[in-house]
Amino acid sequence: MTSVPLPPQTTTGASASAPPAVPTNLPDPTALGLPITDPELASRLAERLTGVDDALSEAVASADKLADGASRHLIDAGGKRFRPLLTLLTGELGDGTAPGIVDAAVVVELTQVASLYHDDVMDSAPMRRGAPSAHMVWGNSVAILVGDMLFARASARVAELGPEAVILQSKTFERMCLGQLHETMGPDAGEDQVAHYLQVLSDKTASLLSASARLGAMIAGAPKDQIEAVGAYGEKVGVAFQLADDVLDVASSGETSGKTPGTDLREHVPTMPVLLLRQHVASGVATDEDRDLLAALDGDLSADEALNAALERLRAHAVLADTRELAVQWARAASAELAPLPEGPVKESLEQFAQALADRAV
């Protein structure tokens with residue numbers, strides 16, 4: 001097999017050893033999306049997240065009936081609010097009650113939701129968060145315009161947080177657009193497809209996680225080295241999350257993960273196992289079986305029988321184990337970025353989330 005690319009070395013000089021195992025006796029507020037082991041912190045963040053939800057409802061309100069209903073569509077559908085929770089959590093590195101923390105959390109969720117309106121149009125996705133996608137209800141044009149409007153609302157709110165926050169938001173928005181653009185167009189001729197894919201993951205998904213973590217610490221007045229640390233953590237944990245998803249698309253049973261196996265394969269969406277297989281075939285050392293499997297994956301997978309057969313073969317191939325290992329490496333590299341953080345429930349929660357992603361891929 002060809003070599004599996006690893007994440008860049010940590011900038012903190014910390015060891016990338018595996019973080020501690022995730023405990024099983026977590027308090028109920030962990031259902032919010034992060035393994036917060038300290039009951040007082042979990043309760044405090046749950047209460048603040050309720051305030052974020054109230055502020056989100058206010059932020060999307062419009063006197064125009066159509067704009068109001070379409071803007072509220074995905075907000076009211078729910079979601080894990082993972083990004084605003086990450087902002088609130090890293091805010092605990094400084095003054096978690098500082099003015100602007102809730103606004104920062106609202107900004108990152110508005111940005112995420114706005115991107116979903118656009119993504120669903122581009123992907124022709126019929127459902128989002130258990131509800132029909134906005135473009136299925138109002139059409140593509142309305143969905144795109146509402147996404148634009150939500151980006152505008154996020155921009156107006158982040159302007160109240162100061163120029164540093166505005167610059168961070170604008171750079172993040174640019175990276176998200178570049179990630180979507182490069183995913184849509186694919187790699188250039190001769191470009192390393194695996195490196196291209198990792199850059200897409202970094203730009204399209206991880207950049208907003210990084211900004212979410214960075215904003216919370218920044219607004220709360222945390223030390224600069226801690227702001228940089230959680231920003232680097234968010235970048236790497238975002239890539240780990242997507243790589244773990246790639247594993248689940250192949251290996252998941254569906255009942256345990258809630259993810260229908262083979263969804264990306266059927267739609268020929270590039271994922272790491274297939275890209276590694278393509279790289280292996282292109283290397284010239286592949287077997288006839290490798291080439292035959294790649295041909296099957298590139299073929300018509302609309303029939304359940306064809307999809308299931310391809311899934312079984314891919315599950316048994318070394319590229320799936322390589323993807324698992326890559327997800328674990330990115331999760332451990334994310335955890336290693338946390339070295340500058342003080343010991344305590346914030347650092348523990350972030351470490352355990354990274355470990356949970358590694359466990360999810362295995």
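Here are a few worked exercises on the predicted model above.

Before you start: residues count from 1 along each chain as its sequence is written, and side-chain values use heavy atoms, with hydrogens and water left out. Because the model is predicted, local features need pLDDT of at least 70 and side-chain atom pairs count only at pLDDT 80 or more, while totals for chains, interfaces and linings use all residues.

**Exercise 1. Get the overall picture: how many helices and strands are there, and what share of the residues is buried?**

Step 1. The protein has 15 helices and two strands; these are DSSP runs numbered from the N terminus, with helices as H or I of at least four residues and strands as E of at least two.

Step 2. Of the 362 residues, 51% are buried. Buried means under 20% relative accessible area, exposed over 50%, and partly exposed in between (1.4 Å probe, protein chains only).

Step 3. Take contacts (heavy atoms within 4.5 Å) between residues at least 6 apart in sequence: 75% of them join residues at least 24 apart.

**Exercise 2. Classify the aromatic pairs: how many are there?**

Step 1. Grab the rule: rings of Phe, Tyr and Trp (its six-membered ring) pair if their centres lie within 6.5 Å, and planes under 30 degrees apart are stacked, over 60 edge-to-face, the rest tilted. That rule gives two aromatic pairs.

Step 2. Phe82 and Phe353 have ring centres 5.0 Å apart and planes at 35°, so this pair is tilted. Phe82 sits in helix α3 (residues 82-91) and Phe353 in helix α15 (residues 345-361), so the pair ties together parts 271 residues apart in sequence. Phe82 is buried at 13% relative accessible area, and Phe353 is buried at 9%.

Step 3. For Phe151 and Phe173, the centres are 4.2 Å apart and the planes at 25°, so they're stacked. Phe151 belongs to helix α6 (residues 140-159) and Phe173 to helix α7 (residues 163-185), so parts 22 residues apart are tied together. Phe151 is buried at 8%, whereas Phe173 is partly exposed at 30%.

**Exercise 3. Stay on helix α7: is Thr172 buried or exposed, and what does Thr172 contact?**

Step 1. Thr172 is in helix α7 and counts as buried, with 4% relative accessibility.

Step 2. Skip neighbours within four places in sequence, and Thr172 is in contact with Ser207, Leu208 and Ala211.

Step 3. Now contrast Leu181, also found in helix α7: Leu181 is partly exposed at 46%.

**Exercise 4. Sort out some salt bridges: how many does the whole structure hold?**

Step 1. Count a side-chain nitrogen of Lys or Arg within 4 Å of a carboxyl oxygen of Asp or Glu, and the search finds 16 salt bridges.

Step 2. Asp103 and Arg157 form one of them, with the closest N and O atoms 2.8 Å apart. Arg157 counts as buried at 16%.

Step 3. Arg291 and Asp288 meet at 2.5 Å, N to O. They're three residues apart in helix α12 (residues 288-298), which means a separation of about one helical turn. Arg291 is partly exposed at 37%, while Asp288 is exposed at 59%.

Step 4. Asp292 and Arg313 meet at 3.0 Å, N to O. Here Asp292 in helix α12 is linked to Arg313 in helix α13 (residues 304-315), 21 residues apart.
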